[in-house]
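Please consider the following protein chain together with its ligand.

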Amino acid sequence: MSTQTTEEAETEAQGSESPGDRRRAEKAREQSGAQDAVTTAEETVHLKVFRYDPEIEGKNEPRFDDFHVPFEKGMTVLDALMQARDRFDTTLTFRHSCRQAICGSDALFINGSQRLGCKTQISDLEQPVRVEPLPHAEVVKDLVVDMEHFYDQMEAVEPYFQTDETPSDDMEEQRQSRANREKIKMSTRCIWCGACMSSCNIAAGDNEYLGPAALNKAFRFSMDDREGEQMREQRLEHLDQTHGVWRCQTQFSCTNVCPKDIPLTEHIQELKREAVKNNLKFW
Ligand code: SF4
Ligand code: FES
């Protein structure tokens with residue numbers, strides 16, 4: 001009885017193969033791989049995409065269009081939208097840029113939740129995949145919303161570094177402790193996608209509310225030791241208002257949808273505590 005294992009048999013066979021045999025076997029393996037890819041590509045994804053174009057007669061009534069695009073392993077919602085646009089309807093409009101969850105331009109309402117198109121795998125979703133523009137924002141066309149109000153709220157908290165005193169030497173380093181860096185680390189990850197603002201019921205009902213993204217940005221700077229006490233007090237005073245930190249009702253919707261996993265609600269609660277402390281006077 002032979003005691004040779006399959007592996008040993010294959011190795012022995014390979015050893016006796018001529019270079020021509022090996023090339024033919026290699027080619028056959030490649031062809032079979034390509035065939036598998038075609039078979040996978042024959043599976044399709046069913047998208048239901050929101051459409052609206054206020055400028056074109058006949059398209060200015062909101063509706064959903066169906067698209068069936070070939071599925072590929074690793075396909076994201078953004079990939080599927082691009083396929084739908086490139087293969088079936090070049091007028092389908094949506095924003096995108098980096099395709100790696102960095103630029104924040106493709107936040108969408110996918111199967112009832114705010115998500116980044118480029119970070120959402122089709123295989124994780126139920127079909128048909130329903131794709132809509134971000135709620136609580138004016139639709140410009142199809143999946144594109146007007147981000148003006150969101151940017152206004154972000155700018156209102158002056159989202160840039162400001163120190164109490166400028167160092168005498170321009171080239172002097174502004175050092176930050178490791179502990180302080182850890183404290184603000186998550187807050188620096190914001191990519192300005194607007195998903196949190198869109199998910200927030202309070203922001204939807206109060207146009208003046210700064211909103212979770214702007215408050216997170218304020219947290220990022222007011223907790224940065226390098227800005228100094230005076231600047232920190234000024235920032236907290238600005239947030240300590242009806243449409244600032246006190247509007248948040250800790251619903252956690254922003255935290256749940258943030259694609260960068262920033263603990264937004266937690267940051268807002270810390271700002272509330274700091275605002276109270278900022279108001280305490282001891283004589
Ligand atoms: S906090 Fe998160 S959800 Fe909000 S804008 Fe920044 S990255 Fe987007
Ligand atoms: S395309 Fe840039 S975040 Fe998705």
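The model is predicted. Its protein chain contains 11 helices and 7 strands. Of the 283 residues in the chain, 41% are buried. The accessible surface of the protein chain amounts to about 16,800 Å², and carbon and sulfur atoms account for 46% of that area. When contacts between residues at least 6 apart in sequence are considered, 64% of them join residues at least 24 apart.

Helix α3, which spans residues 77–87, illustrates the interior of the chain. Because 8 of its 11 residues are buried, helix α3 is largely enclosed by the rest of the structure. The buried residues of α3 are V77, L78, A80, L81, M82, Q83, A84 and R85. Their cover includes four strands: β1 (44–51), β2 (63–70), β3 (107–110) and β5 (129–132).

Attention now turns to the ligand. Ligand 1 is surrounded by 14 residues, and the closest are C190, C193, G194, C196 and C258. Sorted by class, this shell comprises 12 nonpolar residues, 1 polar residue and 1 charged residue.

Helix α6 covers residues 195–199 and includes S199. Is S199 buried or exposed? The relative accessible area of S199 is 12%, and S199 is therefore buried, since the limit for that class is under 20%. Apart from residues up to four places away in sequence, S199 touches Q114, S253, C254 and V257.

A further site involves T250, which lies in the loop between α9 (229–239) and α10 (253–257). With a relative accessibility of 36%, T250 counts as partly exposed. Beyond its neighbours within four places in sequence, T250 is in contact with T265 and Q269. T250 and Q269 are separated by 19 residues in sequence, and their C-alpha atoms lie 8.1 Å apart in space.

Helix α11, residues 264–279, contains V276. V276 has a relative accessible area of 42% and is therefore partly exposed, as that class lies between the limits of 20% and 50%.

Notes:
Residues are numbered from 1 along each chain as its sequence is written. Chains are lettered from A and ligands numbered from 1 in the order in which they are written. This is a predicted model: local features need pLDDT of at least 70, side-chain atom pairs count only at pLDDT 80 or more; totals for chains, interfaces and linings use all residues. Side-chain values use heavy atoms; hydrogens and water are left out. Helices (H or I, at least four residues) and strands (E, at least two) are DSSP runs, numbered from the N terminus. Buried means under 20% relative accessible area, exposed over 50%, partly exposed in between (1.4 Å probe, protein chains only). Contact means heavy atoms within 4.5 Å. Accessible areas come from the Shrake-Rupley method with a 1.4 Å probe; for residues, only the protein chains shown count as cover. A residue is near a molecule or strand if one of its heavy atoms lies within 4 Å of it. Ala, Val, Leu, Ile, Met, Phe, Trp, Tyr, Cys and Pro count as nonpolar, Asp, Glu, Lys and Arg as charged, and the others, Gly among them, as polar.
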